Amino acid sequence: MTLAEHKWTMVVDLDKCTGCGACVVACHAENNVPIVSEEQTIQGRAMHWMRIERYWEGSYPEIKARFIPLMCQQCERAPCEPVCPVYATLHSEREHLNLQVYNRCVGTRYCQNNDPYKVRFFNFFDPIFDEPLTQQLNPDVTVRSAGVMEKCTFCVQRIRRAEERARLEERPLADGEVLPACVQTCPPGALVFGDLNDEASAVSQLLSGNARQFKLLEHLGTEPSVVYLKGGTSYVST
Amino acid sequence: MAKISRRDFIKMGAAGLLATVLTGCQNPRRWVTLEPYVIPPEEQLAGVATWYASTCRQCPAGCGIIVRVMNGRALKIEGNPKHPLNKGKLCARGQAGLQVLYNPDRLPGPVQQTERGSGRFQPISWEEGLNTLYDRLRQAGSGTAIWTGSTTSGHLLDLFERFAAATGAPSPLVFDLYSELNGLAALENADRAFFGQNRLPTYNLEQADVILSFGADFLGPWLSQVRYGMAFGAFRSQSLGKRGYLVQLEPRMSITGAKADWWLPISPGTEALVAQALARIIADGPLGPAEWATKANTLASEIDVSSVAAASGIPVTELEQLAHIFAAATRPLAIPGNALAAQDGQGTAIAAVQALNAIAGADGLALSPDSPATSLLKPQVSPFGDVQALIERMQAGDVQVLLIHGANPVYDLPESARVVDALAHVPFVVSFGPIADETGVQADLVLPDRTYLESWGYDVTSPGFDLPAVGSQQPVVTPVFDAHSTADVLLTVTRGIPTAAAALPWSDEVAFLKEIIPQLGPGAAGGLDTDVLWSRFLQHGGWWPATAPPPAPHTPVLSQSVQAEAPQFQGDEQEYPYFLHLYMSDLLSDGRGADQPWLQGSPDPMTTVAWQTWVEIHPQTAQKLGVKDGDVVHITSPAGEIEAPVYIYPAIRPNTIAVPVGQGHTDYGRYARKRGSNPMDLVGTTSEGLAWATTRVKITPTGKKIAQAGFENKAGVDEGFINEAFPG
Amino acid sequence: MHASRNRTRALATIVGVPLAILAVVAAYFFVSWQVQAAPEQPAPMDHAAMTKKGVSCLFCHSDALKSPAAGIPSVEKCMGCHQTIKTDSPKIEEVAAYWHRQEPIPWARVNQLPRFVYFSHRVHVNAGLNCELCHGDVAQMQAAEPVTKMNMGWCLDCHEQQPDAGQLRDCVICHQ
Amino acid sequence: MSVREIESQSTQDTVPEDAIATDSLRRRRLLLDPRPATRMSADVLDPMDRATARFWVAFVILGGLVAIWGVTWLYQMIWGIGVTGLNRPVMWALYIVNFVYFIGIGHAGTFISAALRALKIEWRRPISRAAEMLTVFALTTAAMFPLVHLGRTWKFYWLMPYPNQRQLWPSYHSPLLWDLTAILTYLSCSVLFAYLSLFPDLAMARDRTRGWRHVLYKTLALGWRGTEREWATHKAALNVFTYAIIPVMFSVHTIVSWDFAMAIQPGWHSTVFGPYFVIGALFSGVGAVIMVLALLRKTMRFGYFLRDEHFEGMALFLLLLSMAWAYFYFNDYLVPWYGQGPAEKAIQELLSHGWAAPLWFLMLFSNILLPWATLWSRRIRRSAGALFFISIFVQIGMYIERYLIVPTTLGRNELPFDWGIYVPHLPESLITLGAFALVGFLYVLISRIIPLIPVWEVLEGQMLHGLRRIGKAVVQTRAEPEE
């Protein structure tokens, strides 16, 4: 039996995100994302597939800080895809994901230039995992070497395992059966993940008629699979 | 460095054990050895993960975790979905636990040190180590002192208690920087005063519609980052599309402040005054429902609102507005912050805030079920008085042997507490730290304990929110290094000590646990006989009842008006013009996370700086001092001095500077060593504790400059054009 | 004229000889990489003999049905039978020696997948493929040897013939 | 070298002085003072044998720099791209700048030898060879940089469409592939073009040399004997190339510009980039040719062939191109400025009063102000030294222009959180130095191997143009070669 097409979608509720950084570390643990040294961080080569951008608004004392969790937006019309000369980054018609095939990448770094969200990370050097930290590396995920571009994959390895299981058990995937590491751990539940093709799924429910939703840099027409919910306001009588 | 290719892991999957590439002239793409198990463990499939339930030990909250194990290697930690506290969620520190387990700097085995502080350890055999410890303990008798931390497993603490009781030594001290900066002891005491029962308060944000947080960074590493994070999510999306309203009063914007609907930068130490002023306004109004008035009149002190306005820097109008918002709410809630717990008269300071809850009848929102009524021990954090007492005993030479487990006093306590000096007066110091930390380097003998993912134990979840719970702890992998469980070490050595032997009859810790755990009786997991109860306890990750017990009847003990004073700050205003605001780093917490690259290398939420210490200064202040980002400044307080680079921080009071705690280790592994500075050195001691919230400092530029390891582009964020990018 | 011809010859040798040497070396490495030979095993494992006795692949490589990896049998499993069967054979004694020392047997890997490939036995076996398709007729092999060069082209050749080739062409199937 | 000297050289001129005095410019530029073919070839070939000290110094220094490039590249491949100053978001920097710059230089040769040939501009004859060589070498150097730039250089062949067991093909959606194709086409075309125009001179050299040179020229000349038929074929072939290579020339830099214009990076996504880049390329290219000619005249004693009038002609081109460039730059700047898109605005602020302002103003000075201010004067136009100086500034200006387009623009994007600044590190600086050295090195080398003045073209020109005395008048005759 062949599986249904999935429109994997992530919803980020900016009103709930506390910026605690649990997603960031969870992503490192799940996807073998290396931690770069202090010197490299200063050079601007820190690698976090999942990052939380903090913007200031207004000025003291009426100042607000705003957190925006940012990961690969898995665009339906991704600008990074066509520019790759070797098909190292390309679209999965079946998962509606933006794939990165590390072993095909030759490192032209064009995709990063053409990526308006700047969510792609380049391995400037070989990653360093001091023994025995290597013991922790996830065998389901490629460990990238120097000269290769990498990025968030919506934890595609989890999606694939779940699909394999479903296929063997000859049943469709259940909603919530697949959760990327960041979504799984997010304490306030600011991150929600699911299949938009399935009307019953949590994301479909959350997004249907939700006035708070917007997509990042929508004017570029990249059609991201990540939907943001802008911060709400509450009525208080004074 | 060795490249770990994905292929290698496929091999491992196929082999079930680590595959090694044969070196030599042969082409390494071929001839790879696959070593199968000699005897395969049960239910282990090569390439298929097994999940083991246990309890997180990165902070005292005690979240339930499940660990993904494949081919004998722990790969990923996730929250235990069944655990009543965290329901499958986990914070950054919880996620990083694997780097505690696989930390490259863990001691390979027991070591001893002839010259303290030299850091030159000689490896010894466990037999040797145990014998030395045995001799010392036997000679010491009642001259033994035990110093544990807030994350020490309940069963080990229990054994320590019994040992101390048997040998006539004072009962173990429970104190570390985490408990101090959380104000755990003070909060517990205050709660006793308020509810007449002894445990940490829990605040059910889910049900509140307006929250006044008096500097409580509950979304940061406060009592339970995970649980309060979850609660905050619910608080924002309540039934019928209702959205809670959060007011944060604090001198420097924490991540909680960042999420607040109204952030009020109030002068440090005036939280309690503001609370009283609000009570006063409510009483005078009278505001809120009729039944508030009487309570308000009893509890509200005779305080002059305008003087509070002057002291706190919040205009009277805004104070009144606050009071109205609070009074107009249906389920308002006031939360006392940890800064309150670090002032003289901390009790009244916290009570002043709790009074608002009492007036609003919000006790229900600030109440949790009792911890399960059993013999199981929950570390009760010792008040600072006990710490000073112990230090004095050490200096007086009354302590022959000092056992240190789960705490790092040399790093945790400022120089003003004279710990190093006191240690010098102790003939024999034993550390059980898995990594040689600052304290370990001051010890004669280090018997490394196993990390929490390798060891047994239990943890009474406190605060237990909707359900009382006991988390279970079990080894998920075979020990990575030759470390021995401290409980076993204790049980082994005491066999030879007649006085203690009788009190500790168990062959090993598991025997002890198997005896005490089943006494909990069948919980949600069910099970009747001891063995089933025990296995269910491990399988489900702990014990908890199927349904919540009815909340214990309680009446606020607050009966007369609360009279909290503005705290005395150390250092006079002329010489030390700035308030010092210390806060726990969101990722490194009190510094125990500094040995984990994931926590070191991940950007701080507010500043996006990694790997470093920084001092947050308001733009105007920076201009006045003529410093820019990255300029190293010299910070001096009456108690000490540090150097740190400036981070220009727009959301802090101009007369206040903030420094995160967590860096500045002199040991504690390659990732922590010689990194940033430890602001605790600026802190002096008071009669009631450490003055980390009541210290003034002065700043002098040094002319040095360092590059800041920030993840953001400051130019971009400051003169950036956020609103085009984010309609949100 | 003459002089020039000598020069040409000299030029030819100066350029030609190194080129020739280079070619030989390259050829050697290429061949040594291409060649499909059975690796030498710590204890000679006669697959042919076992299968003749009617032992199926899945008896020893039992994980193939339930796990991405087929798995190498544990020493315990070997001894499970060979405590009683053919105990006198010198080959078995070698295995027994490991068992007595309670050491794992350092088997040499026979089939190599290229780097960066995720492959699941479970999926393929459950899809009805039999072991011989990829591993060759092991039943006839004294010592197991690789019979196919397991490279991407080889994988795709098969995937392209499947009914759901469209899905099986997706990079994410193997590269994650 | 002054005009007087040239006259003193041209003693055999049968035309009286007064005739030369009148209307001198055209005549001198057209070399209307013929010399015997033998002498002319000697003038060209003799300097090639003289390996002066100056030659060896240049040879060693430039060769050393090229060697340093090699070592640095190896170092970068071993450790990774991280040894350069690249970071997130500035993923392209000096290597791409060099790439664009040298391709640009490569345009001049074709422009002069092909375009001017097509336009029948006769005075181009003596300078065409030098320009063609520059094209070949600049392109060779430029072609190296995409490889230097790759994160995994050893996988470069994956960019080539070749049958492989992976059943994978490169993606022709990517401008980089168009780029690759265009450059290789242009490189092969210009090499062949240059080679084609070399035959008669190679043959000439073959007949006048002995030893290894003889062998070399013999091999290269492919047995050219100069028969009617050969000349006819040669002419035909040259015509084909002349007209074929011009569109290629225009396409190449247009496609290079698409590497940027096709991206959505603010500051790159512009429709004017195509012509803008082509003009820029010609601008820097003509400047570079001027420098080369000046050097050749100085070092190789080509005074007879390369005269001030040639420099004047080139200078006029330089001025025209500078104006054209200014026009396009204005276009490219004005439109985004009017649009006031947030990111574009940020970039323009960076240029006008950010850290990049000094570079920006230096660029405007050397590309616009300096040429416009100086090149109006005939004296400057006729002085090789002055032109050399101005051309250096043109090179600097055009290099800065590319630098501002690539790493500086990349530092600004839609998400201010991820802005960045690029600072060149030692490795890429050394490699850049090596690139310039390589062009010089090849030129020094080739100056000793092939005649840098197309003798046959000059002779052809002198046959077509002459002076006749009719009565008292000296008239200039002009013949048309039969098509």
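## Helix H22 of chain B

In this predicted model, helix H22 of chain B spans residues 530-540 and has Leu533(B), Arg536(B), Phe537(B) and His540(B) buried; buried denotes 20 or more other C-beta atoms within 10 Å of a residue's own, and exposed 12 or fewer, with C-beta atoms placed from the backbone. These residues lie on the same side of H22(B) because they cover an arc of only 105 degrees around the axis, the arc being that of the directions from the helix axis to the C-beta atoms. The face turned away from the buried side of H22(B) carries the exposed residues Asp531(B) and Ser535(B).

The cover over the buried residues of H22(B) includes strands S3 (50-55), S18 (469-473) and S19 (542-543) of chain B. Helices (H or I, at least four residues) and strands (E, at least two) are DSSP runs, numbered from the N terminus. Just after H22(B), Gly541(B) adopts a positive phi of about 85 degrees.

## The sheet with S18 and S19

In chain B, three strands form an open sheet in the order S17-S18-S19, with antiparallel pairing; strands pair if DSSP finds at least two bridges between them. S17(B) (457-461) and S19(B) are the edge strands, each pairing on one side only. Two bridges connect S18(B) with S19(B), and Gly471(B) stands opposite Gly542(B) in S19(B).

## Contact between the chains

Chain A places 66 residues in contact with 73 residues of chain B, where contact requires C-beta atoms, placed from the backbone, within 7 Å. The largest share of the side of chain A that touches chain B, seven residues, comes from H1(A).

Note on methods. Residues numbered from 1 in each chain as written. Chains lettered and ligands numbered in written order. Predicted model: local features only at pLDDT ≥ 70, side-chain atom pairs only at ≥ 80, totals over all residues. Contact = placed C-beta atoms within 7 Å.
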